[in-house]
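Biologist: Hi! Could we look at the ligand together?
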Amino acid sequence: MAGISRTVPAWSRGAIAIGAMAVVLAACGSGKTGSGSGDAAGRLSGRGPITLAQGKDTSGNVQNQVNTWNSRHPKEQVRLIELPEDADAQRQQMVQNAQTKSDAYTVLNLDVVWTSEFAANRWITPLPKAQFDLSKFLPPTVQTATYRDQLYAAPWKTDAGLLYYRTDLLKKAGISAPPKTWDEMKTDCGKVKGVNCYAGQFDKYEGLTCNFSEAVDSAGGVVVDDQGKPDVNTPQAKQGLDFLVQGFKSGLIPKEAITYQEEPARRAFEKGNLLFLRQWPYQWALSNKPGSSKVVGKFDVAPLPGLGGPGAPTLGGHNLAISAFAKNKATALDFISFLTSENTERANLLASSEAPTLASLYGDPELRKKFPYLPVLKASLLNAKPRPKAVRYGDVTAAIQEDAYAALTGKMTSDQALADLQNKLGQLIQP
Ligand code: GLC
């Protein structure tokens, strides 16, 4: 069990009782044991059936993992509850579930940007750090699972924006390497006829926050600085936003991309309609599956391009937390341990190309053979910039989405949008 080293073997009944007690003591010792709403809050005790709540499983592999667990734990079955595909809609349902103190969701597959909000509101139970071998996880992923030095979740899947590009079309045009800058990308597009140049996810939802932040960071700007202070009304941020605004105006980005979330963007690329696409790692396996994809074996991934050199992706991903209002938290902890173990993460990478959180898998020779882009992915992950860490993250992302969308659709100039955003973020984020 690589992800989490339990102090006792999880499979021995007597030992489990001791293990569960140790967990309860560790959680109580932290002094931050959930909402105090009844007995269950903050305690990792109780065994029996549980649920895993998460967004629609676009990887297609989560149910397989649940089935593997269920076949080994007949009395501690897990039921997968799939929420909508859109990250904001997932958050809304999880927040509602927590506000009504419902025990319907046990394990929450939380987007990395929700940890602070869920922890500060005591909707999730702190996890005892000593139970996790955190040194095995990529360090930025552990940061996303932590709030005020307390661990609230186990890093499960990480994410960074990558540039998907058509190797066949670039080769035909005599281009030997993917673009490192936005200008190079434009030049390449000028040489390849019959396909759209570039797309990302520009619908008004969390994906736009990621794409906007990447554009700003890739031009040398920031949304919030290293101390967490908003600083988005700058010439650098404007150059980043203008890359997208001008992209829509000039037709470099096709008009329909303003409606794209991850899946429509993936489908456009798989139909052969795009030369370049900004997308998460999960698409690699799906686009290489014969059947609906017309680009099997005809694409590769590279770091995102930027203004004067390689860009800076946004750090995405998902962590596993335990709802403060759930029953059977001891089972939940074991299930989280199973999902974040080396065996399970390895199998998931092989099946889905989703980025694992365990560092060792990026150096595994067999995996590198199957996924030659693993070094590019790891470098992108370590170079990725987190989104603001805010308790009021829902309001923060809504502000970013509103102003970025207004600029992309011509309702505001880039200057107006950035000034407005700086003003709103200043009120919402107090580092
Ligand atoms: C991916 C990322 C997540 C991000 C979401 C936006 O699922 O892992 O962090 O918020 O995309 O759509």
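Biologist: How many Å is an oxygen atom of the ligand from a polar backbone atom of G317?
Modeller: That gap is 2.8 Å. It counts as a polar contact, a pair of N or O atoms within 3.5 Å. Keep in mind that this is a predicted model, where local features need pLDDT of at least 70, side-chain atom pairs count only at pLDDT 80 or more, and totals for chains, interfaces and linings use all residues. Residues are numbered from 1 along each chain as its sequence is written, and side-chain values use heavy atoms, leaving out hydrogens and water.

Biologist: And which distance goes with the side chain of R387?
Modeller: An N or O atom in the side chain of R387 is 2.8 Å from an oxygen atom of the ligand. For the side chain of D111, the distance from an N or O atom to a ligand oxygen is 2.6 Å.

Biologist: How much of the ligand does the protein bury?
Modeller: The protein buries 91% of the 310 Å² that the ligand exposes when taken alone (Shrake-Rupley method, 1.4 Å probe).

Biologist: Which residues are around the ligand?
Modeller: Among them are D159, Y205, E206, W280 and H318, each with a heavy atom within 4 Å of the ligand.

Biologist: How many residues of that shell are charged?
Modeller: Five are charged (Asp, Glu, Lys or Arg), four are polar and two are nonpolar.

Biologist: New topic: which domains does the shell draw on?
Modeller: Domain 1 (26-159 + 316-382) and domain 2 (161-314 + 390-428) each give at least three residues, with bounds from an automatic or database assignment.

Notes. A polar contact is a pair of N or O atoms within 3.5 Å; within protein, one must be able to donate a hydrogen and the other to accept it, and residues adjacent in sequence count only if both atoms are side-chain atoms.
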